[in-house]
Amino acid sequence: MATLVLADHDLGQLAPATARVVAAALQLGAPVDVLVAGDDVDKVAAAAAALEGVARVRVARSAALATPSAEAISALLLKLAPEYGAIVAGSAAVGRDVIPRLAAGLDLMPVTDIVAIHAANRFDRPIYAGNAIETVVSNQTQQVLTVRASAFRPVGQGGSAPVEQVDAGGIAAVTRLLAAHRTESDVPDLATAQIVVGGGVSVGSAEGFKLIERLAHRLGAAVGATRAAVDAGYAPNDWQVGQTGKIIAPDVYIAVGISGALQHLAGIQGAKKIVAINTDPEAPLVKIADVALIGDLFAVVPELIEELARL
Ligand code: FAD
């Protein structure tokens, strides 16, 4: 049976993470349909249809789906579920909200936060704040899954899947979105960035974080922070990386003045290369880094920025 991927979208744009969720879904070995649920979603559906490997885009239009309501989306998925062997969403806000509700409706156990797929019923997922990976074999008749998008390489853009309408009649939202407070930023998204520069509390101030941002800007990188830096008010909450922040999997993570507490490491396990800049050669993050620069960040980072400007 085919697999259905729930597309993530916002402000009329398909979220880049959806290309990664499709890549994960294709590993289940069945044809992959993408469901676009919303109100004004023509552009989103066209972007989903262009993803390589997508068999069909199914569009459900309804005022009840205009904002991502778990009740409305899971009701829609419950209607479509008999056609699918697996239903997959990203482990982001909408997927985390919708999938447990859908699983309860189907009387199934969801498998969440998947970081690797070995077979259609065999998955790896982190446990104990990322300190261990468990392999789950799910012998249920149908799989209801969330995947960590950052753990999968996105599919390309060469597809041309047909777009079909789905009847969204009778779908009602029992909740109403009153307001969305958005962070406007022209830096790459932390969750999907290829390079991330993270700053710790030793950066010392919000002003000091400008140094981290300048380095990130030079590298086309996203900016992350430790919880200690966020709690101190040096960096905004949505930059927090770790157990209680964002999970990242960049090609390169540059950790500036970060000790490497377990809760921070939980968020960077997917990073392919780690560079640590720290005064303490014994810091846990220095010990796991591929490259360590032992020195004062206020000397090393400006030097790095200068060198990069010369390239
Ligand atoms: P510190 O641990 O104080 O480390 C500062 C580092 O900077 C040190 O290694 C020091 O050698 C180095 N340094 C100092 N001066 C310089 C300099 N001039 N140049 C270069 N290096 C310098 N933390 C997270 O990050 N994310 C989470 O999601 C998270 N969730 C948590 C959840 C719970 C339930 C709890 C209890 C804690 C959580 N924490 C989390 C907090 C975590 O335990 C650490 O306190 C935090 O990660 C430490 O941040 P830090 O590395 O900035 O600070």
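**The ligand shell**

Tutor: Sorted by class, the ligand's shell holds 7 nonpolar, 15 polar and 3 charged residues. Nonpolar means Ala, Val, Leu, Ile, Met, Phe, Trp, Tyr, Cys and Pro; charged means Asp, Glu, Lys and Arg; the others, Gly among them, are polar. This is a predicted model: local features need pLDDT of at least 70, side-chain atom pairs pLDDT 80 or more, while totals for chains, interfaces and linings use all residues. Numbering runs from 1 along each chain as its sequence is written, and side-chain values use heavy atoms, without hydrogens or water.

Student: How many residues surround the ligand, and which are closest?

Tutor: There are 25, counting any with a heavy atom within 4 Å. The closest are Val201, Thr226, Thr244, Ser259 and Asn278.

Student: What does the side chain of Thr244 do with the ligand?

Tutor: An N or O atom in that side chain is 2.6 Å from a ligand nitrogen. Ser259 has a polar side-chain atom 2.6 Å from a ligand oxygen. For Asn278, the distance from a polar side-chain atom to a ligand oxygen is 2.7 Å.

Student: How much of the ligand's accessible area does the protein cover?

Tutor: 71% of the 990 Å² that the ligand has on its own. Areas are Shrake-Rupley, with a 1.4 Å probe.

Student: Which helices supply the shell?

Tutor: Helix 6 (227–231) and helix 7 (262–265) each give at least two residues. Helices here are DSSP runs of H or I, at least four residues, numbered from the N terminus.

Definitions and conventions
A polar contact is a pair of N or O atoms within 3.5 Å; within protein, one must be able to donate a hydrogen and the other to accept it, and residues adjacent in sequence count only if both atoms are side-chain atoms.
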